[in-house]
Amino acid sequence: MTDTTPESRLAVVVLAAGQGTRMKSSLPKVLHRIGGRPLVGHVLDTAAALGPERVVVVVRHERDRVAEAVADVAPTAVVVDQDEIPGTGRAVEVALDALPDFAGDVLVLSADVPLLEHGSLAALIRMHRESAAAATVLSAVVDDASGYGRVIRDADGTVARIVEQKDATPEEASVTEINAGVYVFRATELRTQLSHVGTANAQGEKYLTDVVGLLRAAQLAVAASPAPDAAAALGVNDRVQLAEAARLLNARTVRRWQLEGVTVLDPATTWIDVDAVLAADVTVLPNTHILGATTIATGAVVGPDTSLVDCEVGEGAVLRRVEANLAVIGAGATVGPYSHLRPGTVLADGVKMGSFVETKNAKVGAGTKVPHFIYLGDAEVGRNTNLGAGTITANYDDVAKHRTEIGDEVHTGSHTVLVAPIRLGDGAKTGAGAVVRKDVPAGALALSVAPQRNVEGWVEKNRPGTGAADAAAKARSAQKADDGAQEEDG
């Protein structure tokens with residue numbers, strides 16, 4: 001039976017209303033992405049792992065864009081709007097209005113603190129409950145506390161208050177223990193004290209941090225727990241901090257896959273999004289990006305210099321210097337170097353795709369070879385076919401896209417142009433340089449050969465004074481001299 005006593009109930013409030021002016025961006029701060037997700041998405045995922053009874057997200061700046069992102073990640077979360085009264089205290093107050101009958105603990109998170117993990121928050125909640133505190137603050141001890149609120153403790157080490165940077169005295173500003181913006185409150189006491197918080201401060205805002213001092217004034221206990229990893233507790237306020245958060249998250253993700261049996265030759269140049277899935281015995285070579293919901297099966301080798309977005313890579317496949325997006329690569333396939341697989345590409349098992357090949361909305365059958373300098377667009381290729389170098393599908397007629405169908409065991413000659421819509425039957429062949437405009441029956445050879453015509457003296461007549469004309473004249477003179485010498489000898 002689920003424990004529903006007030007001491008065990010948990011609601012999570014995520015603060016996502018801020019504009020984030022230091023990002024200097026038209027995109028709301030909480031929608032900037034690291035590890036393949038927006039900042040708020042990481043926070044919501046971590047919150048969900050705690051198993052809360054309710055999740056409330058407070059929005060304001062670019063309200064609809066943020067609400068849409070929240071719905072994508074946490075469709076059951078309740079989105080509420082902050083009104084004209086500024087400040088984190090007001091944001092939590094409107095969130096509590098969406099939890100009118102809730103009695104339990106309220107965990108308050110900031111949507112711009114993406115690196116906090118489930119275990120750290122679970123420990124914070126556990127400490128809060130074991131200490132019977134009215135509030136527990138997650139703090140961090142840092143070398144440079146500039147820009148952060150300071151945790152001020154009494155002589156006995158208990159938390160007295162939290163002072164914002166702009167309101168701190170020089171002595172308070174020298175404190176290196178900062179407020180990480182993460183709190184656990186007992187809901188009843190939080191409601192009571194928020195009603196007493198005003199806006200008489202340097203920023204004219206209703207500070208959530210003022211609740212700490214009010215709780216102490218009411219003779220209630222407030223605890224603070226320093227985060228074991230200070231870097232993970234810090235928020236993202238500008239592009240520098242965004243990049244650093246991305247680096248830390250990526251290092252964590254890469255290490256997790258290494259411990260699961262993935263070989264990552266150079267972690268510093270390897271980027272793996274949090275939704276990607278790699279099997280044991282995958283090898284990732286330097287300068288490789290595995291992004292989105294990409295999955296890679298056991299034994300595959302990916303890289304170097306490869307970028308995969310939302311791709312599926314089969315067992316034992318080898319991809320070298322490949323750019324791929326929404327593509328499926330079958331088991332044992334080899335791709336690259338310098339291949340570009342665009343959305344809709346599906347390569348069956350054992351396909352061999354060489355250098356400077358581009359595909360789009362193309363299905364390639366098992367065992368087929370697509371060696372080099374080839375474009376396949378809106379095409380379906382059968383099994384064990386061999387496409388000659390320079391083969392292209394001319395799929396666009398300036399109005400619409402058309403499909404090309406190539407059967408099993410087909411062989412196209414070098415520089416074949418297949419003008420869609422068209423079908424090459426099983427076993428068909430084309431000659432080098434063929435421009436194929438009509439269907440080719442099974443087993444037929446398609447040729448488009450015109451007699452070669454040489455126009456003597458064209459260059460000297462039409463390009464006089466050029467290097468080509470001079471070279472041609474010298475060659476013609478030498479040939480005449482050689483022909484005359486042969487006549488004399490004859």
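Reader: How many cavities are counted here, and what makes such a space a cavity?

Author: In this predicted model, the count comes to one cavity of 30 Å³ or more. The largest cavity holds about 40 Å³ of space.

Reader: Which residues line the largest cavity, and how do they divide by class?

Author: The lining consists of Val-43, Thr-46, Leu-109, Ser-110, Val-113, Leu-116 and Leu-121, with at least two residues supplied by H1 and at least two by strand S6 (105–110). Five of these residues are nonpolar, two are polar and none is charged. Val and Leu count as nonpolar while Thr and Ser fall among the others, so Thr-46 and Ser-110 are the two polar residues of this lining.

Reader: What is the volume of the largest pocket, and which residues are closest to its centre?

Author: The largest pocket has a volume of about 1,400 Å³. It is lined by 41 residues, and those closest to its centre are Lys-29, Thr-88, Asp-112, Glu-205 and Asn-237. Two or more lining residues come from each of strand S1 (10–16), helix H3 (88–97) and strand S10 (177–186), and S10 gives the most, with five residues. By class, this lining has 15 nonpolar, 19 polar and seven charged residues. Asp, Glu and Lys count as charged, so Lys-29, Asp-112 and Glu-205 are among the charged residues of the lining.

Reader: What lines the second largest pocket?

Author: The second largest pocket, with about 310 Å³ of space, is lined by 15 residues, and Thr-46, Glu-117, Leu-249, Arg-252 and Val-274 lie nearest its centre. Helix H1 (39–49) and helix H8 (239–259) each supply at least two residues of that lining, which divides into six nonpolar, four polar and five charged residues. Thr-46 belongs both to this lining and to that of the largest cavity.

Reader: What makes a set of residues a nonpolar core, and which members of the largest one touch the most others?

Author: Its members must be buried, must belong to a list that includes Leu and Ile, and must be joined through side-chain atoms within 4.5 Å. The largest nonpolar core has 47 residues, of which Leu-278, Ile-296, Ile-329, Leu-341 and Leu-376 touch the most other members. Among the elements that each supply at least two residues of this core are H8, strand S22 (322–325) and strand S30 (374–381), and S30 gives the most, with four residues. Leaving aside neighbours within four places in sequence, Leu-278 is in contact with Trp-257, Val-262, Ile-272, Val-284, Ile-290 and Ile-296. A second, separate core has 38 residues, including Val-55, Ala-69, Val-113 and Val-142.

Reader: Which residues form the covered face of S22, and how do you know that this strand pairs with others?

Author: The covered face of S22 consists of Val-322 and Ala-324, while Glu-323 and Asn-325 form the uncovered one. Pairing requires at least two bridges; three bridges join strand S19 (residues 306–309) to S22, so these two strands pair, and they run parallel. S22 and strand S25 (residues 339–341) also pair in the parallel sense, over three bridges. Ala-324 stands opposite Leu-308, and its bridge partner in S25 is Leu-341.

Notes. Residues are numbered from 1 along each chain as its sequence is written. This is a predicted model: local features need pLDDT of at least 70, side-chain atom pairs count only at pLDDT 80 or more; totals for chains, interfaces and linings use all residues. Side-chain values use heavy atoms; hydrogens and water are left out. On a 1 Å grid over the protein atoms alone, a cavity is a set of points where a 1.4 Å probe fits but cannot get out, and a pocket is an open set with protein on both sides within 12 Å along at least five of seven lines; lining residues have an atom within 4 Å of a point. Grid points are joined across faces, edges and corners, and a volume is the space filled by probe spheres set on the points. Buried means under 20% relative accessible area, exposed over 50%, partly exposed in between (1.4 Å probe, protein chains only). Contact means heavy atoms within 4.5 Å.
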